[in-house]
Amino acid sequence: IYTLSLHDALPISIYEDLALVGTENILSLFVQDKHYFTPHLIMNAALRYDQKSQNDEKQTTFSPRLALMYVPNDRFSLKLSYAEAFADLALFYHYVFNYSYELSPQRLSAFQLTAMGKIAPWNLNYEVNLFYNNYTNLLCLFTRNDADSYSFNKRLNSGQLKNAGIEATVRYTNQRLSGALNLYYCHNIKCEDYYYNDLEETVTAVPHFTMNLHGAYKLIQTA
């Protein structure tokens, strides 16, 4: 069991001031358009603008999204999409570390290829999703030196993680009975300045494989 403390990592002694009131203002704008090239080929394009002010700091971010969908019939569709997103760090981290570090929003760039459809005679709906994710500016407070020691990460907001994988879901519905099976596999391609376990070749809180299975039966049928 390891106990990690921020006491030696903080740039100045501010423990008594952590309860001070801070201000945060967020302005968000979102535009989206759908275009039909043909009745079966559709494009969705969107752009999101965010402006966040934390005390005296101001950040602006643009997040584009683009998707092409091929829908040949009501039983099958195929979608290729690209999206960017961000998550700014909590006001706490800006207050604690911004005296010595310039903190940037954590960012994600993602490509996805998704096939969706249904098999009506079997009452099944399915979805298969291939994905590639590139995370940058990840927050990582501590890095692993070896099997028994950790140290404070001097490159606080520079973590990077790239992974790719597949997720498949099958749903069954028939009157009162329903159920679903979800399978997920993820392969980590690159990990720098983030919580990577060299011994087990895993990233903390990013599982390689998950499986979920659930079923339901409606006892009372309502009109």
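Predicted model: local features only at pLDDT ≥ 70, side-chain atom pairs only at ≥ 80, totals over all residues.

Q: Let's start with T61. Where is it found?
A: T61 sits in strand β3, which covers residues 57-73.

Q: Is T61 buried or exposed?
A: It's buried, because its relative accessibility is 4% and the cut-off for buried is under 20%.

Q: OK, and which residues is T61 in contact with, leaving aside neighbours within four places in sequence?
A: Those would be R48, Y49, D50, F86, P105 and R107.

Q: New topic: how many salt bridges does a search of the whole structure find?
A: Four. One of them joins R48 and D50, with the closest N and O atoms 2.8 Å apart.

Q: What lets side chains pair like that?
A: Side chains of opposite charge can pair when their charged atoms come close.

Q: Back to that pair: how accessible are R48 and D50?
A: R48 is partly exposed, at 36% relative accessibility. D50 counts as buried, at 5%.

Q: Which residue does D88 meet in a salt bridge?
A: K52, at 3.6 Å from N to O. The pair links distant parts of the chain, 36 residues apart: D88 is in the loop between β4 and α1, while K52 is in strand β2. Both D88 and K52 are buried.

Q: And what about R75, which residue does it form a salt bridge with?
A: D74, and the closest N and O atoms there are 3.8 Å apart. R75 is partly exposed, at 47% relative accessibility, and D74 counts as exposed, at 60%.

How values were computed. Residues numbered from 1 in each chain as written. Heavy atoms only, no water. Helix = DSSP H or I, 4+ residues; strand = E, 2+ residues; numbered from the N terminus. Buried < 20%, exposed > 50% of the residue type's maximum accessible area, 1.4 Å probe, protein only. Contact = heavy atoms within 4.5 Å. Salt bridge = Lys/Arg side-chain N within 4 Å of Asp/Glu carboxyl O.
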